[in-house]
Amino acid sequence: MSAPDTSEISYIDYETFLSPSFSPHAFASTLITSTNDPSDPTVDLSTPLSRVLFDLQEIDTHIDTLTTTASLPLLSYTATSHSAASHILTSISAQTTALTTAYLRLESDVIARSTTATSAVAAATNLHTVTCILRELGRALVLARHLELQLTDATAAVRAAHSILELRKLFAANRDILDGVDLARDLQSLVLTPAETVLGARARDVIGAFTMVPSVSGGSAATGAFVVDPGVVAEAQRPGVETAMQTLFLLQPRALSVVVAGLLGTQVSAAVTALTRALGALTTLDRALGEVAARCRTLMAVEGMLAGVGLDGEVLRELDTGALSTGFFGAVAAGWEPRVRDVVARGGPNARILRGGRDRLREGVRGCVLRGLDVDLADEGRGEFEVAVMVGALGSLGR
């Protein structure tokens with residue numbers, strides 16, 4: 001609202017009343033102060049009140065005059081606004097009706113059909129899941145049946161290992177859909193796990209039992225028994241041992257290295273025991289050296305079988321050695337050297353005989369190493385490292 005024309009009503013200060021900072025309290029206080037003597041103990045409010053009432057009456061009269069004068073334009077403006085509002089309401093009502101009709105048609109044509117389609121999709125999804133479960137279970141049953149048959153055939157160990165790997169992959173790839181299916185759980189606990197255990201145990205036994213140490217059949221040699229040719233035995237065992245190596249590597253790659261390490265440890269322990277026993281009965285020393293050579297040939301044959309199935313590099317890396325024979329003679333020398341030193345320290349006939357025949361003993365050890373490595377005695381240069389290691393164990397005998 002703009003301030004009225006001051007030529008019409010000059011005695012009302014509209015600027016003060018319309019100011020955004022107008023304070024009724026401050027205005028009243030100023031009005032009272034201006035109409036009373038500050039030193040007078042009594043306060044007269046009639047004069048300021050009359051002034052305020054007069055101003056209000058004048059403003060009310062002015063508003064009434066303006067309203068009366070502008071009534072026709074106001075009524076015309078109100079009628080126009082009402083007409084426009086009615087027109088807008090009519091348009092909105094028509095659009096709302098059209099929108100409601102469209103929604104009802106959409107609900108009938110889309111939403112209802114969507115609900116039906118959603119149910120159909122859910123049913124199809126569930127059927128698809130069931131189909132996948134049945135298909136994978138069918139594959140698992142076929143593999144399990146093949147596995148059971150393969151376990152009965154010693155020559156089918158590698159195929160059985162592949163069947164186990166296929167079953168493992170099948171169950172791992174379908175863990176989500178097969179989880180909770182009793183048949184799948186039974187196949188794993190009653191077929192897969194036992195088969196893996198049996199197959200692994202068989203492979204370990206075959207590898208661990210391999211040896212080229214000559215054995216006597218039918219009692220002692222004195223009773224007319226004959227010595228079984230270790231080479232013939234090794235060749236007869238070779239297919240089974242290679243199969244066992246492949247089988248164990250397929251099932252548990254590191255397990256093959258563990259078994260070979262165990263076989264190496266067994267051969268070393270037996271060789272050290274034989275050599276130590278011979279120190280107390282020197283007449284058996286040549287036989288003990290022959291046994292050590294045979295045990296080395298056992299490991300050479302094992303390494304050759306590993307190479308035959310392409311697993312020698314993998315196993316030798318795991319065992320951190322360049323060759324099983326090198327590791328064998330190094331370990332035998334390390335185990336035999338303190339025994340030799342102990343015999344020399346105790347003295348006695350054995351110590352004197354060892355010292356007296358040390359050159360012959362060193363030559364016997366050299367021949368043992370070369371025979372173990374399957375190296376011709378005349379072939380210089382080959383096997384010298386292993387010879388030096390084993391001869392070094394006799395250092396306490398002197399030069």
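Ala 140 counts as buried, at 1% relative accessibility, and its place is in helix α4. This is a predicted model, so please read the values below as computed from it.

- Not counting residues up to four places away in sequence, Ala 140 touches Leu 167, Leu 170, Phe 171 and Leu 187.
- Arg 139 is partly exposed, with a relative accessible area of 40%, whereas Ala 140 is buried.
- With neighbours within four places in sequence left aside, Arg 139 is in contact with Glu 166 and Leu 170.
- Arg 139 and Ala 184 are 45 residues apart in sequence, and their C-alpha atoms are 11 Å apart in space.

**Ala 157 in α5**

- Ala 157 belongs to helix α5, residues 157-173.
- With 14% relative accessibility, Ala 157 counts as buried, because the cut-off for that class is under 20% relative accessible area.
- Leaving aside neighbours within four places in sequence, Ala 157 is in contact with Leu 199, Thr 243 and Thr 247.
- Between the C-alpha atoms of Ala 157 and Thr 16 there are 110 Å, for a separation of 141 residues along the chain.

**How α9 and α10 pack**

- Helix α9 (residues 253-280) and helix α10 (residues 285-308) have axes that come within 8 Å and cross at roughly 170°.
- The two helices are therefore roughly antiparallel to each other, since angles over 145 degrees fall in that class.
- By class, the contact of α9 with α10 has 16 nonpolar, two polar and two charged residues.
- On the α9 side, the residues that meet α10 include Leu 256, Val 260, Leu 263, Leu 264 and Gln 267.
- On the α10 side, the residues that meet α9 include Leu 285, Leu 289, Glu 291, Arg 295 and Thr 298.

**The nonpolar cores**

- The largest nonpolar core has 60 residues, of which Met 245, Leu 256, Phe 328, Trp 336, Val 365 and Met 390 touch the most other members.
- At least two residues of this core come from each of α7 (182-209), α8 (230-251), α9, α10, α11 (312-319), α12 (324-346), α14 (358-372) and α15 (384-392).
- Helix α9 gives the most to this core, with 13 residues.
- Setting aside neighbours within four places in sequence, Val 365 is in contact with Leu 289, Trp 336, Met 390, Val 391 and Leu 394.
- Apart from this core lies another, of 23 residues, among them Ala 144, Ala 160, Ala 161 and Phe 171.
- As background, nonpolar side chains tend to be buried together in soluble globular proteins.

- Asp 320 is not a glycine, although it has a positive phi of about 55°.
- Asp 320 sits in the loop between α11 and α12, and it is exposed, with a relative accessible area of 71%.
- Arg 317 is found in helix α11 and is exposed too, with a relative accessible area of 60%.
- Arg 317 and Tyr 11 are 306 residues apart along the chain, and their C-alpha atoms are separated by 114 Å.

**What the UniProt record lists**

- In an unreviewed entry, UniProt lists residues 15-147 as "domain: Conserved oligomeric Golgi complex subunit 5 N-terminal".
- In the model, this span of residues 15-147 is 87% helix and 0% strand, and its end C-alpha atoms lie 106 Å apart.

Definitions and conventions. Residues numbered from 1 in each chain as written. Predicted model: local features only at pLDDT ≥ 70, side-chain atom pairs only at ≥ 80, totals over all residues. Heavy atoms only, no water. Axes fitted to C-alpha atoms, helices over the stretch in contact; angles between N-to-C directions. Helix = DSSP H or I, 4+ residues; strand = E, 2+ residues; numbered from the N terminus. Parallel < 35°, antiparallel > 145°, perpendicular 65-115°, else oblique. Contact = heavy atoms within 4.5 Å. Nonpolar A, V, L, I, M, F, W, Y, C, P; charged D, E, K, R; others polar. UniProt positions renumbered as here; feature names shortened; annotations may be inferred. Core = buried A, V, L, I, M, F, W, Y, C linked by side-chain atoms within 4.5 Å. Buried < 20%, exposed > 50% of the residue type's maximum accessible area, 1.4 Å probe, protein only.
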